[in-house]
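Dear colleague,

Please find below the structure that I am handing over to you.

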Amino acid sequence: MTGAATPSPARPLPASDRLAALLSQSREALVHDARNAARLAAEATALATQVSDTGARARARYLEGRAAELALNETGALEAYREALAVFQAVHDDAGRADALRGIGQVYDTLGDAPQALAHHLRALAIAEDAGDSASQAAAMRTVGVVHSRAGRPDVGLDWYERSLALPGADPLERARTLNNIGINLKNLGRLDESLETLHSALSAFQAAGATLGQAGALNNLGATLERMNRLDEAETMLRDALERSTASGYGEGVVNASLGLGRVCDRTGRADEARMHLATALDVAEHGGLRAYEVEAHDALADLCERCGDAADAVKHLRASRELERLLISEASDRRLKMLSIRYQVTAAQREADLMRAKQEELAKANQRLAALNLDLAASDAQKSRLVVELERQTREDALTGLANRRWLDQRLGDEFARAVRYSRPLAVAIADLDHFKDVNDRWTHAVGDAVLKEVAKILMAQVRHTDLVARYGGEEFVLAFVETGADAAAAVCEKVRAAIAGHDWSGIAPGLAITASIGWCTDTSLAGPDAMIGAADTALYRAKAAGRDRVAGR
């Protein structure tokens, strides 16, 4: 009698299959379990290194960057994203390059460096536009909107979000994120009913995608909007749900936001002890995660609560901690508005600390009234200064007549783009467009007509290029165009498109019988000594176009 057959042990999956599974599991975990995502991405990196799969290692390091961001480890995230970007560039993976650039931009945005964040997001957008990848374009437009929104321009951010939402091909999770961002900006603009409706749509989309972290974020934002509407019971329900989901999935920033919101709601509903517990939780998580702006907010909220409860010593302790953190924020932040905000907090906290130390209970109410008035004055002053700074920055960058970039901004931007093109061996094109026989326009129809022509040409040029390209007035009737990520064939094509658009435009609205043409020279040789040399080469090509009869394009 033969014995029962012994089952054969299951064969291990081939390394390539195990690697693909780890990458897939890591991507899936990023939407609902930050801690597990970090572990899976690290395992994928190790396996990709072991089997010498360069492309898979780049993707795994990118996912490690995503997980590090969720764990509030900006240094680790930046290191992972940069390593991934270098490999994606080496293997010519444009989709990977765009993802890594957006990741780096998100970290810079979190660290308060808005210019660097915007530069990386716009590079990602240029790559997506050149590749015709509408899903990647939608993601890049959303991240550009985030930078503007965090820099205090919610209306500009909202415009970028709506453009992202209008693009076809975005995946459902990316659409949910965009709806969530729109809801935040609508709340900040005071459009609370619209914010509530949009955030409910975002929550439903996150639920349909099974994205736990996204659900936690949307619930936090719903809680904040409901709190602004004084619907405190509903706000508390949303915030408790957000706290539970964030805690379970290791989403530190979600825990901080939910705890701060619950602290405010409990304080407003007369539950001081519970409010203090939630605010202390927010402070503890923010401290461990290095979220200093949230630490300041938690300390300030605890100081206000302690003050109302008659606990002057703890109030002073929290105010001093807030003041010290604001000093650190000032020293680290590169954004001028963040520095101004921190200084205002510091002045206010110092005044409140002095009042707490010397005033009796009945005097505190009067002191708070004075501080509230001072805050309003400071806020108005800050707003006015911000507007002036924005206007001055615009004036230093724009040509007064056409609204295009001026020579100074051209030199700065083109220098940056040339350095980036040389460093990463990426293409760059520079072109000069000169209006043919423009002196005859001024002599025959007056300089007012000539100015109107220049302004109209500026509009035509802007309509023919991408968001990431640069158009500048070089002087008189000359314009310089810089095309990032653009080689010789593409440069020739776009210059011909620009020439045809000017020649085919109906100029009779400015003056009857008026006709305008332009000659254009271009250069894509980044081996030249610098951006001025590229402009010089384009200028030489322009003269060839003029000599050949004008209204034509020539290149080097």
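The notes below set out what was found, from the chain as a whole down to single residues.

This is a predicted model, in which local features need pLDDT of at least 70 and side-chain atom pairs count only at pLDDT 80 or more, whereas totals for chains, interfaces and linings use all residues. Residues are numbered from 1 along each chain as its sequence is written, and side-chain values use heavy atoms, with hydrogens and water left out.

The chain as a whole

The secondary structure comprises 23 helices and five strands; these are DSSP runs numbered from the N terminus, helices being H or I with at least four residues and strands E with at least two. Of the 556 residues, 47% count as buried (under 20% relative accessible area, with exposed over 50% and partly exposed in between; 1.4 Å probe, protein chains only). Among contacts (heavy atoms within 4.5 Å) between residues at least 6 apart in sequence, 61% join residues at least 24 apart.

Helices H1 and H3

The axes of H1 (residues 15–29) and H3 (residues 54–70) come within 10 Å and cross at roughly 25 degrees. That angle makes H1 roughly parallel to H3 (the term covers angles under 35 degrees). On the H1 side the contact is made by Leu 19, Leu 23, Ser 26 and Arg 27, and on the H3 side by Ala 56, Arg 59, Ala 60 and Leu 63.

Strand S3 and its partners

Seven of the seven residues of S3 (residues 478–484) are buried, so the strand is largely enclosed by the rest of the structure. Glu 478, Val 480, Ala 482 and Val 484 cover one side, and Phe 479, Leu 481 and Phe 483 the other. S3 pairs with S1 (residues 428–435) in the antiparallel sense over seven bridges (pairing requires at least two DSSP bridges), and Asp 434 stands opposite Glu 478. S2 (residues 470–475) also pairs with S3 in the antiparallel sense, over five bridges, with Val 471 opposite Leu 481. In the hairpin of S2 and S3, two residues lie between the strands, and Gly 476 takes a positive phi near 60 degrees.

Arg 499

Arg 499 lies in helix H22 (residues 488–503). This arginine is buried, with a relative accessible area of 14%. Leaving aside residues up to four places away in sequence, Arg 499 touches Ala 518, Ile 520, Asp 551, Arg 552 and Val 553.

Yours sincerely

Key. Axes fitted to C-alpha atoms, helices over the stretch in contact; angles between N-to-C directions. Parallel < 35°, antiparallel > 145°, perpendicular 65-115°, else oblique.
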